[in-house]
Amino acid sequence: MKLKLKKSKNWTSEERYRPYSAYSDDYLSSLTELVKKSPWRTHYHIEPRTGLLNDPNAFSYFDGKWQLFYQHFPYGPVHALKSWKHLTSTDLVTFIADDLQLLPDSDFDNKGAYSGSAKEFDDGNLHIFYTGNHRNSDGTRIPYQLEATLDATGKLSKSDKAAILPAFDKVTEHFRDPQIFEFEG
């Protein structure tokens, strides 16, 4: 199967926000093979197998390893329906990518998983806070602050409710990118 890639300036909004489930396994396999042949692939820095690498997120130490996520759109070199891809490292030099992803698969993040942070709590889990980019059918953006939990077995679970609801009388539709930290215990 020959794959024809679209240049980023030609991607429509509909194409950028197509659900991941609408892409075939053949498309991703063909894209992966095409990218492997690129003379511009790096051999040292973090780099996705395909698509866009965007903001690093939730850099933290948990379960004896450094944890790093980054925003990712695997189906093209464009800012589109972003997920988070996961990597771990024991030495901060070699990062191992796994199949763990924070996917935009709920009504709260129907147009992407945006930036955030993470912190290990006393329950022994890594708590990840991020912005769910939601758009109504009329295009209105609603930024939900969401939580997911990574346990020591590597299981990622998303909460089924928003951690913080937007207060539009106090913030804009760009209220996003939560940073979790400890303050006064």
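**Aromatic ring pairs in the predicted model**

A cluster made up of W11, Y20, Y23, Y27, F73 and Y75 is held together by ring pairs in this structure, which is a predicted model. One member of the cluster, Y23, also has a charged neighbour: the charged end of R18 sits over the ring of Y23, at 5.3 Å from the ring centre.

In total, the structure contains 14 aromatic pairs. The pair formed by F59 and W66 is classed as stacked, because the ring centres are 5.4 Å apart and the planes meet at 15 degrees, an angle under the limit of 30 degrees for stacking. Both residues of this pair are partly exposed: F59 has a relative accessibility of 46%, and W66 has one of 26%.

The pair formed by F108 and Y144 has another geometry. Here the ring centres lie 4.8 Å apart and the planes are at 80 degrees, so the arrangement is edge-to-face. With a relative accessibility of 22%, F108 counts as partly exposed. Y144, by contrast, is buried, because its relative accessible area is 15% and burial is assigned under 20%.

Methods
Residues are numbered from 1 along each chain as its sequence is written. This is a predicted model: local features need pLDDT of at least 70, side-chain atom pairs count only at pLDDT 80 or more; totals for chains, interfaces and linings use all residues. Side-chain values use heavy atoms; hydrogens and water are left out. Rings of Phe, Tyr and Trp (its six-membered ring) pair if their centres lie within 6.5 Å; planes under 30 degrees apart count as stacked, over 60 as edge-to-face and the rest as tilted. Buried means under 20% relative accessible area, exposed over 50%, partly exposed in between (1.4 Å probe, protein chains only). A charge sits over a ring if NZ of Lys or CZ of Arg is within 6 Å of the ring centre and within 35 degrees of the ring normal.
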